[in-house]
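Hi everyone, thanks for coming.

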Amino acid sequence: MKILSIDTASNICGVSILEENQLICNLDKNTIRTHSENLMPMIEKAFIQSNLNLKNIDLLVCDKGPGSFTGIRIGIATVKAFCDSLAIPCVGVSSLEALAYSIKKEGFIASLLDCKNDNCYFALYELKNSQYVEILKPSADTIENAIKLIQKNTSSSNQMITFVGDGVVVYKEQIFDKFEKDCILAPSQNNNLNSYYLGLAGLHKWQTNQLEDILPLYLKKPQAQRQLEEKLKDIEITPMTQTDLDEISSIFTSEFDEFWSVSTLKDELNSKNSNYLVAKFNQNIVGFAGIKVMVDETDIMNIAVRKDFRNQGIGSLLLRKLIALSKEKNSTCITLEVMEENYSAIHLYKNFGFKQVGIRKNYYQDKNGLIMIKNLT
């Protein structure tokens, strides 16, 4: 069996070709995460050096993380493209498991990858009778908590623990402080991700029938998402009141070509079938949304977000609240109309499971409206 192994989860862009567990070609290079430019030329070079091509490959292996969010996506996309074009089976392996395969000494193996600010990715394995067994699944936590978990899962055994990964260098003092003479630090050459060991781990998964769809293993959210979630903590969602109407009118009338009048909103608030919410930031209204429930169906009447607060998750926050409210009212489905050129709104609704079921011609003056629905049962 010939294996093409691709690792793009770190600064190193790695490509290896194996025949079973024997290395044919290894090209691992620190490209400082310019993987999109370097990966395909490196694959081509590996095929030239090994006198092989993609049609000779029986198994594709890629690193699914944790690691660089962008790098992981590049590797997975490449492997999936190869898989789809030639129907080659593929296997995803975690970075932490690949690191463990670089250690040949029997006993416990603790894989550590630094993710800054005293945080790390970690996992624990045991090598016994030439088999690597997962003891602690890949996780993200502080180094203090990681060490506590490793201690808890190894304390009943007298086996030595080998620590491997770039976290070994960063957290060397903490490791020695807790484990003293009961641990070994892997040699520096083992602490970088290597596509050959990734290939070995992938081969084992193939042989033990652990094939599954390759999905990125994101143990920690991207920084941009964490910042967005932190900001959303300051957004307060409350029921709309009559006193909110003047502020809504002054803000949103100028931002939408076809905005409901205050009198229409007032009528909606007085309707027993309607429910409206406002999103507030520092007591200022930055968005609102409303539904009307008729028997067992909910219709979304409006979702509006202030221009300077768009693309910050507020629309998603309001929509999530509307869906929850509809479920509380025992609705079987939610419907809505959206202008067919409002691509950002359509994308949002599709992400929440809405599907297009029809078109209303010229619903928005001279523009069509798409009818979308989400089933709740």
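A word on the ground rules. This is a predicted model, where local features need pLDDT of at least 70, side-chain atom pairs count only at pLDDT 80 or more, and totals for chains, interfaces and linings use all residues. Residues are numbered from 1 along each chain as its sequence is written, and side-chain values use heavy atoms, with hydrogens and water left out.

Let's start with the strands. When I say strand or helix, I mean a DSSP run, E with at least two residues for strands and H or I with at least four for helices, numbered from the N terminus. Two strands pair if DSSP finds at least two bridges between them.

Find strand S1, residues 2-7. S1 pairs with S2 in the antiparallel sense, over six bridges. Across that pairing, Ile 6 stands opposite Val 15 in S2. The two strands, S1 and S2, form a hairpin with four residues between them.

Now stay on strand S2, residues 12-19. Buried here means under 20% relative accessible area, exposed means over 50%, and partly exposed is in between, using a 1.4 Å probe and protein chains only.

On we go to strand S3, residues 22-30, which runs antiparallel to S2 and is joined to it by eight bridges. Glu 19 has Gln 22 in S3 as its bridge partner. This hairpin of S2 and S3 has two residues between the strands, and Glu 20 takes a positive phi near 55 degrees there.

Back to S1 for a moment, which also runs parallel to S4, with four bridges joining them. How many of the seven residues of S4 (59-65) are buried? Seven of the seven are. S4 also pairs with strand S5, residues 90-94, in the parallel sense over five bridges, and in that pairing Val 61 stands opposite Val 91 in S5.

Next, a helix. In H12, residues 343-351, the buried residues are Ala 345, Ile 346, Leu 348 and Tyr 349. Why do they line one face? Seen down the axis of H12, its buried residues fall within an arc of 160 degrees, so they line one face of the helix; the arc is that of the directions from the helix axis to the C-beta atoms. On the face turned away from the buried side, you'll see the exposed residues Tyr 343, Ser 344, Lys 350 and Asn 351.

What covers the buried side of H12? The cover includes strand S14 (297-305), helix H11 (314-328), strand S15 (333-339) and strand S17 (367-375). Just after H12, look for Gly 353, which takes a positive phi of about 95 degrees.

Ile 359 has 43% relative accessibility, so it counts as partly exposed. Leaving out residues up to four places away in sequence, Ile 359 touches Asn 368, Gly 369, Leu 370 and Ile 371, where contact means heavy atoms within 4.5 Å.

Last stop, the empty spaces. Rolling a probe the size of a water molecule over the atoms shows where empty space is left. On a 1 Å grid over the protein atoms alone, a cavity is a set of points where a 1.4 Å probe fits but cannot get out, and a pocket is an open set with protein on both sides within 12 Å along at least five of seven lines; lining residues have an atom within 4 Å of a point. Grid points are joined across faces, edges and corners, and a volume is the space filled by probe spheres set on the points.

The search of the whole structure finds two cavities of 30 Å³ or more. The largest cavity holds about 40 Å³, and its lining includes Ala 98, Gln 189 and Tyr 197. The second largest cavity holds about 30 Å³, with Pro 66, Phe 69 and Lys 220 among its lining residues.

And the second largest pocket? Its volume is about 540 Å³. Of the 23 residues that line this pocket, the closest to its centre are Arg 33, Gly 67, Ser 68, Asp 114 and Asp 166.
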